[in-house]
Amino acid sequence: MTRKPMIAGNWKMNKTTAEAVTLSQDISYGYDSSLDDVELVLCPPFVDLKSVSTVLGFDKSRIALGAQDVYWQKSGAFTGAISPGMLKEVGCSYCIVGHSERREHFFESNEAVNLKVHALFEEGIIPIVCCGEDLPTREAGEALPFVISQIKAALEGLSVKQAGDLVIAYEPIWAIGTGRTATPEAADEVCAAIRQTVGELFGGSAASSLRVLYGGSMKPENVSFFVPMPNIDGGLIGGAALDARSFIDLAKAFI
Ligand code: PGA
């Protein structure tokens with residue numbers, strides 16, 4: 001089964017609305033038909049979703065829109081929260097959940113990640129589920145069991161179809177924003193274990209259609225080392241997604 005590679009830009013808490021419009025326009029202008037075989041996703045802050053959606057819609061772009069987080073309830077007294085339905089209405093087809101920064105700074109638990117995954121699927125939005133170990137866990141030789149336990153918890157109760165549609169991003173915490181990447185072999189080993197776990201839980205067809213991304217200081221200068229890895233289907237990009245040229249170059253590497 002051939003999986004369409006994905007390059008998703010996680011803009012984090014960066015870009016004012018005016019800057020978000022410029023960046024999405026620049027990425028849109030940089031897009032050419034050679035990129036039709038790669039899925040590009042822009043994940044700006046909530047307040048920029050509408051304007052980026054307008055830019056992408058106006059340009060009849062093939063670039064998809066994603067959010068960086070969601071709350072699992074449909075509506076109600078949840079001050080500050082955003083529902084899956086709201087994301088759908090503004091044009092999101094993807095939503096990042098369980099990013100390590102959300103787990104660390106906003107105390108997001110595996111149970112919360114699972115609730116968000118279900119709520120997103122109900123609205124027809126594909127979750128990009130993040131997982132990854134910290135440095136002490138890696139140094140203790142516990143990276144694989146740690147990541148597998150995150151994945152089992154996040155995917156609990158999904159259907160076979162949903163598991164196959166899912167995107168999982170393996171992002172070792174010690175590689176995020178540090179300039180230090182996992183070796184491609186080490187990253188591929190974890191991505192393979194994630195795929196194998198999905199196979200054990202949901203069967204071979206879900207495992208072979210599921211996309212697994214690597215994230216953590218992926219840049220145009222190092223992407224070529226990750227591209228040949230059989231279990232890495234693209235990247236979740238932070239810093240290098242804030243520059244249109246690097247983002248497009250990263251996507252082109254996966255053609
Ligand atoms: P980075 O961030 O590319 O800046 O390391 C990746 C991420 O946190 O998704």
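This is a predicted model: local features need pLDDT of at least 70, side-chain atom pairs count only at pLDDT 80 or more; totals for chains, interfaces and linings use all residues.

Q: At roughly what angle do the axes of helix 7 and helix 9 cross?

A: Roughly 40°. The two axes come within 10 Å. Helix 7 covers residues 143–154, and helix 9 covers residues 184–202.

Q: Is the crossing of helix 7 and helix 9 left-handed or right-handed?

A: Right-handed.

Q: Which residues in helix 7 and helix 9 meet?

A: From helix 7, Leu144, Val147, Ile148, Ile151 and Lys152. They meet Glu189, Val190, Ala193, Ile194, Thr197 and Leu201 in helix 9.

Q: And by class, what does the contact of helix 7 with helix 9 have?

A: There are 8 nonpolar residues, 1 polar and 2 charged.

Q: Stay on helix 7. How do the axes of helix 5 and helix 7 cross?

A: At roughly 45°, and the axes come within 8 Å. Helix 5 spans residues 110–122. That angle therefore makes helix 5 oblique to helix 7.

Q: Which residues make that contact?

A: Helix 5 contributes Asn110, Val113, Asn114 and Val117. Helix 7 brings Gln150, Ala153 and Ala154.

Q: Switching to the ligand. How many residues surround the ligand?

A: 13 residues. The closest are Lys12, His99, Glu171, Gly177 and Ser217.

Q: What lies 2.7 Å from an oxygen atom of the ligand?

A: A polar side-chain atom of His99 does. An N or O atom in the Glu171 side chain is also 2.7 Å from a ligand oxygen.

Q: What about Ser217, side chain or backbone?

A: Backbone. A polar backbone atom of Ser217 sits 2.7 Å from an oxygen atom of the ligand.

Q: Which residues make the contact?

A: Leu23, Asp26, Ile27 and Gly30 of helix 1, with Ala244, Phe247 and Ile248 of helix 12. By class, the contact of helix 1 with helix 12 divides into 5 nonpolar, 1 polar and 1 charged.

Technical notes
Residues are numbered from 1 along each chain as its sequence is written. Side-chain values use heavy atoms; hydrogens and water are left out. Axes are lines fitted to C-alpha atoms, for helices over the stretch in contact, and angles run from 0 to 180 degrees between N-to-C directions. Helices (H or I, at least four residues) and strands (E, at least two) are DSSP runs, numbered from the N terminus. A crossing is left-handed if the near helix is turned anticlockwise from the far one by less than a right angle, and right-handed if clockwise. Contact means heavy atoms within 4.5 Å. Ala, Val, Leu, Ile, Met, Phe, Trp, Tyr, Cys and Pro count as nonpolar, Asp, Glu, Lys and Arg as charged, and the others, Gly among them, as polar. A residue is near a molecule or strand if one of its heavy atoms lies within 4 Å of it. A polar contact is a pair of N or O atoms within 3.5 Å; within protein, one must be able to donate a hydrogen and the other to accept it, and residues adjacent in sequence count only if both atoms are side-chain atoms. Angles under 35 degrees count as roughly parallel, over 145 as roughly antiparallel, 65 to 115 as roughly perpendicular and the rest as oblique.
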